[in-house]
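Have a look at the model first, then read on.

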Amino acid sequence: MDATPVLPRIDRAVCTGCGDCVDVCHASALAIQDRIAVLVSPEDCDYCTDCEAVCAVGAIACPFEVVVAA
């Protein structure tokens with residue numbers, strides 16, 4: 001099975017650029033660029049989901065992939 005990393009998804013149309021997600025990102029994987037949150041270091045993201053929890057407008061989604069072993 002391929003281990004493709006699951007990363008937070010940022011809806012650029014919804015993001016207000018408030019920076020709350022950047023402030024809570026202990027991995028420094030997020031930044032504000034052109035007034036929008038961007039995942040600048042995806043390799044550093046540990047998928048803690050704090051960014052999703054703090055986003056007041058729901059611009060960040062951290063979907064989970066469910067794998068069922070046979």
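## Burial and surface

Of the 70 residues in the protein chain, 24% are buried, meaning under 20% relative accessible area with a 1.4 Å probe, protein chains only. The chain's accessible surface is about 4800 Å², with 52% of that belonging to carbon and sulfur atoms (Shrake-Rupley method, 1.4 Å probe).

A word on the ground rules: this is a predicted model, where local features need pLDDT of at least 70 and side-chain atom pairs count only at pLDDT 80 or more, while totals for chains, interfaces and linings use all residues. Residues are numbered from 1 along each chain as its sequence is written, and side-chain values use heavy atoms, leaving out hydrogens and water.

## Fold

Two helices and four strands make up the secondary structure, in the order β-α-β-β-α-β from the N terminus. Those are DSSP runs: H or I of at least four residues for helices, E of at least two for strands. The C-alpha atoms fill a box of roughly 45 × 20 × 15 Å along the principal axes.

## Cavities

How many cavities of 30 Å³ or more turn up in the whole structure? The search finds two. A cavity here is a set of points, on a 1 Å grid over the protein atoms alone, where a 1.4 Å probe fits but cannot get out; lining residues have an atom within 4 Å of a point.

The largest cavity has a volume of about 100 Å³. It is lined by 16 residues, with C25, C45, D46, C48 and C51 the closest to its centre. The second largest cavity holds about 60 Å³, and of its 13 lining residues, C15, C18, C21, A37 and C55 are the closest to the centre.

Definitions and conventions. Buried < 20%, exposed > 50% of the residue type's maximum accessible area, 1.4 Å probe, protein only. 1 Å grid on protein atoms, 1.4 Å probe; cavity = no way out; pocket = protein on both sides within 12 Å on 5 of 7 lines; lining within 4 Å. Points joined across faces, edges and corners; volume = space filled by probe spheres on them.
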